[in-house]
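Hello,

Here is the structure you asked about. Have a look at it first, then read my notes below.

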Amino acid sequence: SPTMAASPVPQQAQAQVPAAQAPPKNGAFVRYGVSDPISLQEPSEADTLLSERMMEELEEQFPKETAEGMAHREYVLRELERVVMEWMTETGIKSGMLAEEAKRCTMKIVTLGSYRLGVVHPGSDIDTLCIGPPHVSR
């Protein structure tokens, strides 16, 4: 049957293994980045409890940003985008582009780090990357 073929342990061996020693459940293989995962095993109950304790400790040491703080960060990102667009247009005009042509150029600000991961605390910064047209450089 299909369940027997997908099982890492033959059916006969599964029946002989006590429940306490049953093989750990493996998750689906997923690759993030260039290296293989350390393990495909699902977390044990002890792993889950330790993770919960770690999250509680992290929350105590590094509390999450408030809703007001997040709103301010979003405002800062919008203002940064406005300033960069203005600078990019001015740079295009100085390089010989027509004003309308310079205004049509696009750019994108990408967030990275803790902000991108959603683990922002009141003292953290906002890491950003600005992607713009070739006529704009440092």
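The largest nonpolar core has eight residues. They are Val84, Met88, Met97, Ala102, Cys105, Met107, Ile109 and Val136. A nonpolar core is a set of buried Ala, Val, Leu, Ile, Met, Phe, Trp, Tyr and Cys residues joined through side-chain atoms within 4.5 Å. Buried means under 20% relative accessible area, with a 1.4 Å probe and protein chains only. In soluble globular proteins, nonpolar side chains tend to be buried together.

Met97 belongs to that core. Beyond its neighbours within four places in sequence, Met97 is in contact (heavy atoms within 4.5 Å) with Gly92, Ala102, Cys105 and His135.

Some background on the model. It is predicted: local features need pLDDT of at least 70, side-chain atom pairs count only at pLDDT 80 or more, and totals for chains, interfaces and linings use all residues. Residues are numbered from 1 along each chain as its sequence is written, and side-chain values use heavy atoms, leaving out hydrogens and water.

Now the whole protein. Of its 138 residues, 16% are buried. Six helices and two strands are present (DSSP runs: H or I of at least four residues for helices, E of at least two for strands). From the N terminus, the order is α-α-α-α-α-β-α-β. Among contacts with a separation of 6 or more, 46% join residues 24 or more positions apart.

Last, the surface. The accessible surface is about 11,200 Å² (Shrake-Rupley method, 1.4 Å probe). Carbon and sulfur atoms account for 58% of that surface.

Best wishes

Conventions
Buried means under 20% relative accessible area, exposed over 50%, partly exposed in between (1.4 Å probe, protein chains only).
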